[in-house]
Structures are given as C-alpha cells and as structure tokens.
Amino acid sequence: IQKSFIIVFEVYYNKLDKTMASESYVPIIEITDENFKTMWPAISRAISESSFVALDCELSGLGSKSKLNSPMIDVRYTNIKEITKEYSIVSLGISCFKCNDGLVKSHSYLVQTFNIFTLCSQKYTVEMKGLKFLLSHGFDFNKQYAHGLQYERGEDKEIGENSPLSVKKIFHCIIQHQKPIVLHNGFLDLMFLYQSFYTELPRNIESFAADLFEMFPSGIYDTKYISEFHQSFSATYLEFIFKYLQIENDNRTNSGDWHCRLKFLPYPQNMAHLKWFYYMQIFDENIDMNEMSKPLCESYKYHGWCSEAENCSSSHNINRIVLELKELSNRKRRKFSNGVANVSLAQLINIEKQKLEEDKKISSPLLSKDGTFPNKRDDVNGSSSQKDSDLIKRKNNSVEIEDNDVGCRIHTSNLEFKTAIVNTKCLCKKNDIGK
C-alpha cells in the first residue's frame, strides 16, 4: 500500500516545454462547458482503461464542525445529509491511474488528471473560510461561475449512453465500469457525490452503505484510513503523507529497491485548458535556517491545520515536520505492521477482488436471491423489497439471527433490523435485542 502512494514524477520531454519538464509540475486538464464536449471521449476512455480512480471534491463550505465530528456515526450521517443540501461541489478532481501494460505488479502508472468546474443551479451557501481557502490555492471563481458544468442535486434519473452530456455522466461512467475509487478522508466526499451526482441520499446510513457496496463493488480505498490503521503514521493529513513518501521513494530509487513511478501523456505545449500545477519538489529536503529557530506548531505538525494560519509564530515547514516525525512513524509501523506494507495499491485491489468473488459464493442475508441489494428507492421511502423480506425465516414469538462476514439480520415477530457493515461479523446475542 505504502509504495503505491510513493511518487516519482516522470514526464515525457519530446513535446513539452523544457521549463515544464520537471518533477515539480503535474499536468492537469481543466474541464468547463467550453471544452467538455471535446474532452468527453478522453475522459471516458481514461476512466474505462484505468486500474483505479482517485476523486476529490472542493466544496463551497462545510458547516458546523461539531455536526461533522459527531461521535455517533448515525447522527453524523444525518447531519452531513443536511449539509449536502445546503452547500455544493464547486469542482471535482479526477485522476485515472493505469498500471503499465495492465500488470498489477508494475512499478509504473500512466496518470491523467482532470479538474472539472461544477456549478449547482440551485440555491446554496458559500462560507467565507471556504472562499479564502480556495482562493489561497488558486481557485478561479470567475471561471467556475461563468463556465462551470451545471447540475441539480438529488435528481433520480437514469444516465445512459444516449443521455445528454453532464457532470453526472462522468460519475456514472466510474460506476458503470466498476472502478475502485481512492479518496482521502472520503466520507464527506462520498455523501456529496451521492447527493449531487447520483440521487437523493437515503434516510439512514445502513442503506447508504448498502448502496455504496453496490455502486463500487471493486472497493473504496481511503488513504487516511490506510495511513492511520495500516501504516501507523504519526500524522495522516495529505501533505505530510505525500511529502513523507516522496522522500522515501527517492531513497528507495537510489538504493535500487522497489519504487513507484508516474508517467504523464505527452501533451502539446500550446494545448488549451492545460495547466501545469506546481507542487512540492521531491528532492527538496532543505530546511530554511530561519525556520530552525522557531518551535514547530503542534497543531500543524500533527493535523496539517492551524487556526492562526500565516500569523502563527511557530514553524509550519513540512520538510522539518516530516524529518521529525519520520522516525516516530517508522517505530509505530514496525510495532503494528500487519504484513501488507509491501503490497502496492493495485495488488491490494486485485486481492480484494478475489476475496469479493469468494464472498459472492456465500449466501448473504443482505442480498436478494438474484445477488443484488434491495432497490435503493425502497430504502429511501422506508420500505424493504418483498424479495428481501422473504429471506428471513419467520417464527412466531421468536428471535432468529443470521450472520456471516458481510452483515447480519435480526428478526422478531414485530421487528426487523438490518445492518450493512461490510467485513464485520455479527457480535449480537439473542438477549441483546433491546440494545
């Protein structure tokens, strides 16, 4: 897993401006209503031929932090559901990773990245903090309002091959080709994507989880979760992970060990809507001596965020943070290693696919007889399908629990309770039914 996120940027030189042929620049194609029709074949082909797709949403706001961080997952789901109806997606980033020659063990990926400007045609709220954050990272609101791809939230329409071009068609293309998706801290993104580009969010998290399992059967991979619970990093914000693994990949490259490489298409120098995004230099491990006299900001050090921002008197230098936390992360990873550190993401996806095929052979009480989930609209309306209820053996005045590695169902003569917690065994006891 770790190695698949270690990146060395490799750019073709033959058609590129030599000043751009640097590991510090990533080519990103901006998609607006001016070029969407022209670029759609390239986008759909990049998705269909990819090994996995990385997604990231930029939002007009986030709402109350207390609601976002509720410790009860069902309460958090309900809170975020309301937030998705108040705020909007202002841009959608898509990176399509294709393993070299289609081999999951390849060290090399061909990557195509698209930044899609989106514009909700319904009323939505914009937060001042969100505006400042996006502006500080170069977001072009003039372009978004003038040429963003318009959409409406929560429409329940079927998207097919002959449907008009829209941003929703891009999202449905990913679902259609059953591509694994990769996000970072992606629960919020998933809910916004569902509400904005798929259909109305269901009333409870169990139905939402069941729909996600059906929409993305090849898996959903969250790099924050992987970093924290599989790699035991001391910090799990994206800037730290990326910089840390850039440096480690450089070391592995120099020592001749397994390393990961990215390649980009040889875009013409004068191609319209192509932006060269300057990011952190891979080989820049230098630390400004002026920074050494300042203490590290503890908030930024571990969370990548500081309420004081530029006014903070402490250091936010990411190179210094990485060097200081690197040994601590290594100790934690050695202690809690679970044996998957030498597996690339593409290999992990392939392993999970094999497990999924094996799981499908086992009858699951969450699945109907044809191997599908209950219709999502039934869940939204609060009723379960007849096929689904027929799977429960009914006994008068008794409780029957069926469980396996996919989920469990508990039934009494007057109560039906379903869970869709993937890869979690049922731990319920019959006398726990009240809980």
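Student: Is F139 buried or exposed?

Tutor: Keep in mind that this is a predicted model. F139 is buried, with a relative accessible area of 12%.

Student: OK, and what about F117, buried or exposed?

Tutor: F117 is buried, at a relative accessible area of 2%.

Student: How many aromatic pairs are there in the whole structure?

Tutor: The search finds 20 aromatic pairs. F117 and F139 make one that is tilted, because the ring centres are 5.5 Å apart and the planes sit at 50°.

Student: Where in the chain do F117 and F139 sit?

Tutor: F117 is in strand β5 (residues 108-120), while F139 is in the loop between α4 (128-136) and α5 (141-147). They are 22 residues apart, and the pair links distant parts of the chain.

Student: What kind of pair do F233 and F240 form?

Tutor: That aromatic pair is edge-to-face, with 80° between the planes and 6.5 Å centre to centre. Both F233 and F240 are buried.

Student: Which residues make up the aromatic cluster?

Tutor: One cluster is formed by Y77, F187, Y194, Y198 and F208.

Student: And what lies over the face of W305?

Tutor: K65 does, at 4.2 Å from the ring centre.

Student: Switching to strands. How many bridges join β5 to β9?

Tutor: Four, and the two strands run parallel. S108 stands opposite R261 in β9.

Student: Which residues are on the covered face of β9, and which on the uncovered one?

Tutor: In β9 (residues 261-264), L262 and F264 are on the covered face, with R261 and K263 on the uncovered one. In a regular strand, side chains alternate between the two faces of the sheet.

Student: Helices next. At what angle do α6 and α7 pack?

Tutor: About 120°, with the axes of α6 (residues 167-176) and α7 (residues 187-197) 10 Å apart. That makes α6 oblique to α7.

Student: Is the crossing of α6 and α7 left-handed or right-handed?

Tutor: Left-handed.

Student: How many residues of α6 are buried?

Tutor: Nine of the 10, so α6 is largely enclosed by the rest of the structure. Among them are K168, K169 and H172, along with F171 and C173.

Student: Last one: what follows α6?

Tutor: Q178 follows α6, and its phi is positive, near 50°.

Conventions
Residues numbered from 1 in each chain as written. Predicted model: local features only at pLDDT ≥ 70, side-chain atom pairs only at ≥ 80, totals over all residues. Heavy atoms only, no water. Phe/Tyr/Trp six-rings, centres within 6.5 Å; stacked < 30°, edge-to-face > 60°. Buried < 20%, exposed > 50% of the residue type's maximum accessible area, 1.4 Å probe, protein only. Lys NZ or Arg CZ within 6 Å of the ring centre and 35° of its normal. Pairing = 2+ DSSP bridges. Axes fitted to C-alpha atoms, helices over the stretch in contact; angles between N-to-C directions. Parallel < 35°, antiparallel > 145°, perpendicular 65-115°, else oblique. Left-handed = near helix turned anticlockwise from the far one by under 90°.
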